[in-house]
Amino acid sequence: MPMAVDFNGRPLHFIGVGGIGMSALAYVLAERQLPVSGSDCHLTHITRRLQEKGVHIFWSQEADNIAQATQTLADDTQVLPQVVCSTAISPSNPEYKAAMDAGCPMFHRSDILAALMNESQGIAIAGTHGKTTTSSMVGYLLLKAGIDPSIVIGGEVAAWQGNAHVGTSDYMVAEADESDGSLVKLSAEIGVITNIELDHPDHYSTLDEVVGIFKHFAHQCDVVIGSADCETVMNQIQPNVTYSLRPESGADYIATDICETSQGTTAEIWERGQRLGELHLAILGRHNLSNALAAIAVARRLGVEFDVISTIMATFEGAKRRFDHRGFHNNILFIDDYAHHPSEIKVTLAAAKVKSTESLEGVNQRLVVAVFQPHRYSRITTLLQEFSMAFAEADQVIVTDIYSAGEKNPSGITGEDVTSAIGEHHTQVSYAATLDDVKAKLAALLQPGDLVIFLTAGNLNQVIPDVMDYQAKQSEKTALTSV
């Protein structure tokens, strides 16, 4: 039997505590007044928030950190920390090796999440795409409706100023990750499955393997809410409660009369054939309307009235790095998005195209400029054909070198290969190898009125402040010359 996580005062130490998933768990445990420490290489707003909660952070991953994280009791007894790591931590990591050599209890990030959910009435949000937005919606909706759940997600939300919230109720909303197979550890009162696709070929060889993980998860949930618009979910999972954007689907929750504008999406919502009312979302995209239906299904199961739901959902602003408006300079809108799979890119660019219809004074046209940083050699190699056809809604496409995320490149695929593949289906695509190349190309390309969207799960978004600063200075120059 696996060792149980001890939440009764034994210290916990997170290797790589600044990661988006790790930091959320560390925050929750620190909020519970448990002794928490961790290591990270960079001071960020996330690690600063942890420090403010009393988390002790070591600024390098060294073997000695484990000794320093060991607790000495009044009788000089030493209590080794429970050590938490993610799949990103290699067994060769010196801190990991020191923890193993010392005999520390070792846990994967998912073990901590599973233990927390086992103490709660869990609401687990799973799916290949849309997990972060849907879990943010569910958390936001229940929080504002007065249910006040604890929330652990893989993104940051302004409503709780981060990626975690410790609530007063027994409910816990959590994002359930399938990328490394750890989804099978979770059980929940309510499980949501937004869709199922092959997205992590570094871990799965076939879609059937992915389906197996989701089936295991579904069997461990009391109720499964799933999208009727995903054939794999319907055929392989057969959820208890369904939702759909297609009226003919016969799903339990349906959206009709969908109207998309640059200011948001409006639809009529139906529950098992009965009209609930009108829903307005400020965030764009039919995919986000689908995510909202999942959140509505969860809230209705917990007894929240639709008029309360519709009022709250109208104020939901989304999660950070999900169609995130970063700035508006020189009449150019800058958007940062985490999309890194062909399906995600398609729906995100469709939303960008809708946003581009927004009228601007003195602007004759508004082009969508997509800057894409391919992520992981395994994903790009496996899904190259799908990526090549994912950019139809963009007017201009810029492709960078592939962000490896630590992977080796046995196939030898390059960013130029990705550019060429997209070029077979798109006439306006170019290659900018480095981040400096991206900044130079955008300086030459962008015009007032454009919408530029950065599509990356890597470090591409680091260029956004510099590109915005350049355009702000161009705007100042224009203003001066027109005086």
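Is aspartate 252 buried or exposed?

A: Aspartate 252 is buried, because its relative accessible area is 18%. Here, buried means under 20% relative accessible area, exposed means over 50%, and partly exposed is in between (1.4 Å probe, protein chains only).

Before going on, keep in mind that this is a predicted model, where local features need pLDDT of at least 70, side-chain atom pairs count only at pLDDT 80 or more, and totals for chains, interfaces and linings use all residues. Residues are numbered from 1 along each chain as its sequence is written, and side-chain values use heavy atoms, with hydrogens and water left out.

Now for the partner: the side chain of aspartate 252 meets that of arginine 272 in a salt bridge, 3.4 Å from N to O. That term stands for a side-chain nitrogen of Lys or Arg within 4 Å of a carboxyl oxygen of Asp or Glu. The two sit 20 residues apart, so to speak in distant parts of the chain: aspartate 252 is in the loop between strand 14 (241-244) and strand 15 (253-261), and arginine 272 is in the loop between strand 16 (264-271) and strand 17 (274-281), where strands (E, at least two residues) and helices (H or I, at least four) are DSSP runs numbered from the N terminus.

The whole structure holds 21 salt bridges.
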